Amino acid sequence: MKNKKALFITQAAMIAAIYVVLTYFINAFELASGAVQIRISEALTILPVFTPAAIPGVFLGCLLSNLLTGCIVWDVVFGSLASLIGAVGTYLLRKHKYLAPIPPIVANTLIVPFVLSYGYGIPGSIPFFMLTVGIGEVISCYVLGVLLMTVLGKYRNVIFNRD
């Protein structure tokens, strides 16, 4: 029993750490936030397909990334919640390979534009931000996420073994 808890905590911590590193990397190119964002770390929202530990891992990774990259409190709260909702949705759709990446796309497309508009005061309309955030999420969650899922699927029993 203790080994399963330790594995869960370790996997969640590793996923959170990878999320932070990927966000810092893409932030160097100013693509981690703003009206046009391709946060490649959001590809990790596909990991609940392999392990439920990815749910807190993605949430904590997003929360820490938002805190460490200087996001406003509304972005820390609602951006992180969007990733949490997306990760939970991915877990619920884990048996459907091509549907699993959709929840984080939808959650971020619906939530983040309001943070951009009302929190940051970035000029532009909510529908425009939904378009730009949605495109970035499709690239991160669907294109990169499905690619990641395909590659990790070959090693799922080695990487995510729960025995």
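## Helix H4

In this predicted model, helix H4 covers residues 102–119 and, with 18 residues, reaches 25 Å from its first C-alpha to its last, close to the expected 26 Å (helices being DSSP runs of H or I of at least four residues, numbered from the N terminus, and the expected span being 1.5 Å times one less than the number of residues). A kink of about 25° lies at Thr109, shortly before the proline Pro113, where the bend is the angle between axes fitted to the seven residues ending at a position and the seven starting there. After H4 comes Gly121, with a positive phi near 70°.

The buried residues of H4 include Pro103, Ile105, Thr109, Val112, Pro113 and Leu116, buried meaning under 20% relative accessible area, exposed over 50% and partly exposed in between, with a 1.4 Å probe and protein chains only. Helix H3 (73–92) and helix H5 (126–153) are among the elements that cover the buried residues of H4.

## Aromatic pairs and a charge over a ring

The structure holds five aromatic pairs, a pair being rings of Phe, Tyr or Trp (its six-membered ring) with centres within 6.5 Å, stacked if the planes are under 30 degrees apart, edge-to-face if over 60 and tilted otherwise. One of them is the stacked pair of Trp74 and Phe78, at 6.0 Å centre to centre and 15° between the planes. The rings of Phe114 and Tyr118 are also stacked, with their centres 6.2 Å apart and their planes at 15°.

Trp74 and Phe78 both belong to helix H3 and lie four residues apart, about one turn of the helix, while Phe114 and Tyr118 have that four-residue spacing within H4. Phe114 is partly exposed at 38% relative accessibility, whereas Tyr118 is exposed at 65%.

The charged end of Arg94 sits over the ring of Tyr91, 3.9 Å from its centre; the criterion is NZ of Lys or CZ of Arg within 6 Å of the ring centre and within 35 degrees of the ring normal.

## Asn66 in helix H2

Asn66, in helix H2 (residues 54–68), is buried with a relative accessible area of 1%. Its contacts (heavy atoms within 4.5 Å), not counting residues up to four places away in sequence, are Arg39, Cys71, Asp75, Val76, Gly79 and Ser80. The side chain of Asn66 reaches the backbone oxygen of Asp75 at 3.3 Å.

## Basis of the values

Residues are numbered from 1 along each chain as its sequence is written, and side-chain values use heavy atoms, leaving out hydrogens and water. As the model is predicted, local features need pLDDT of at least 70 and side-chain atom pairs count only at pLDDT 80 or more, while totals for chains, interfaces and linings use all residues.

Key
Helices (H or I, at least four residues) and strands (E, at least two) are DSSP runs, numbered from the N terminus. A polar contact is a pair of N or O atoms within 3.5 Å; within protein, one must be able to donate a hydrogen and the other to accept it, and residues adjacent in sequence count only if both atoms are side-chain atoms.
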